[in-house]
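Good morning, and thank you for coming.

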Amino acid sequence: MRRNTSLTLLVTGFFAALASLGTAGAGCGDSGFNLTGGGGEGGGSSNNGGNGGAGGAFVDNGAELFAALEADLFTACGSCHEPGGLGDAPFLAPPDRYQSILSWPGIVTKNVDDSMFVTFSVTGGGHSGTNLDTAADDLEGRVREWLEAESAAISDPIEEDDPYIDPITPILGFNAIYLTPLSEELTGIAITFTAELLTENSLKLDNLQIHTTSATGVHLIHPVFAVYPKGQPGEADPVDSFAGLDSRFPENTSAALGVGTLILTNWQPDAKLGVGFELIEPYSEGGGEGGGGGGGGGPGGCNAQTEFAASAVPQFELRCVSCHGGGNGQATAALDMSDLDTDPGAACVQIKNRVNTNDPPASQIFVTTDPGGNAGHPFKFGGNAANFNTFRDAVTIWIEAE
Ligand code: HEC
Ligand code: HEC
């Protein structure tokens, strides 16, 4: 068991913020929490939104710069990059386009040269739509200036040597955070949730779930979510909502994280969201017996194999296996459809973990791929709502039979 060594994810300011909560170490025994923090700017900052003082040179003009180019960007890119657009990447989703573009994975990056705007949607980058460098009025230069401002607002992690997950700007809607960066052993395990702004300073994370993979389960102790206001160190959830949590999630399952809901009352507009754990390690039910023997029969097994084969399999074959059947490592790690032909029972279990049998339209397999939605999934039927509806109707026959 590894406690808080290489596997523990460090979120920026995590320890400092936790220390200031006074919850540190409670029941954690030998956890070895580094409560003094990394001595960086975050050390000892209070958790009431204080500015961390000192350095202070940071000026948040990202919103301003974006407002000045929003109309031109929308003219050049909006036709394909709103929900329902050809691009399957609705980074200009209304109503708040600024929030949407901040939250789209890979656009605002710590290093501007890594942004997909700079690497992909430019001449020679491989993009099939309008490229930034061909747009009028030096749109590329203005976008770059805006990206520089946003990148300056991203805080560095306190202890860069330890594995951590980059905080994300949540999409107001469905989000998936992958634990892969923490350890190869955790590849494909995801925390999913729906984010909703209750007020400017309160963000609700609902339907918080852990999804394990066919390769591994996970053991979690004391997850802590943290808020990273722009340009400031992180602040942990002030009520430390999951303080007592110690849960094991076997392979091939999806289950609620604690009570499945969290309200962050220290939220700030355009902030990022991070998560850390006192302990996180791979877990296997039956003590590493491995293999897992087909998965068919367990509590998560599928009941409606006939409907699955008749209505659902052809749709997944047609629309999803190109990536989820092994072609795309990340996709297959997240949701493995490689057994659709050879072992449909096992594939069914995998897919059922992303299905909501009580409310089929709310199933993740639909929420993520709906061209009219804003989820950050790379495939949304190329904006074709009719094809999506055909997919959803056919697959729903199986879900209802489950
Ligand atoms: C005519 C439609 C169209 C227009 C206009 C368009 N795009 Fe795209 N965009 C696409 C398509 C289609 C894709 C999917 C990948 C591909 O085929 O290039 C895409 C993908 C992207 C991606 C990758 C998204 C991801 O998550 O992988 C970025 C970034 C992007 N576009 C930026 C832009 C920018 C910036 C503009 C405006 C300057 C723009 N696009 C205008 C069609 C368009
Ligand atoms: C172009 C490749 C591609 C196609 C086609 C594709 N997916 Fe995915 N999917 C991915 C990737 C990549 C991930 C993992 C995302 C990540 O690691 O951030 C993923 C993840 C998912 C997830 C987990 C939730 C999430 O958003 O991470 C679900 C559910 C999902 N896909 C459903 C589907 C369904 C259903 C289809 C077919 C209708 C499909 N996907 C087709 C690439 C694809």
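Predicted model: local features only at pLDDT ≥ 70, side-chain atom pairs only at ≥ 80, totals over all residues.

The shell around ligand 1 divides into 11 nonpolar residues, nine polar residues and one charged residue. Here Ala, Val, Leu, Ile, Met, Phe, Trp, Tyr, Cys and Pro count as nonpolar, Asp, Glu, Lys and Arg as charged, and the others, Gly among them, as polar. Residues are numbered from 1 along each chain as its sequence is written, and chains are lettered from A and ligands numbered from 1 in the order in which they are written.

A residue belongs to a shell if its C-beta atom, placed from the backbone, lies within 6 Å of the ligand. Of the 21 residues around ligand 1, the nearest are Cys77, Cys80, Gly87, Ser121 and Gly129. Helix H2 (62-81) gives the largest share, five residues; helices are DSSP runs of H or I with at least four residues, numbered from the N terminus.

Let us turn to helix H5. Which residues of H5 are buried? They are Leu139, Val143, Trp146, Leu147, Ala149 and Glu150, where buried means that 20 or more other C-beta atoms lie within 10 Å of the residue's own, and exposed means 12 or fewer, with C-beta atoms placed from the backbone. Seen down the axis of H5, the directions to the C-beta atoms of these buried residues fall within an arc of 160°, so they line one face of the helix. On the other side of H5, Gly141 and Glu148 are exposed.

Note on methods
Helix = DSSP H or I, 4+ residues; strand = E, 2+ residues; numbered from the N terminus.
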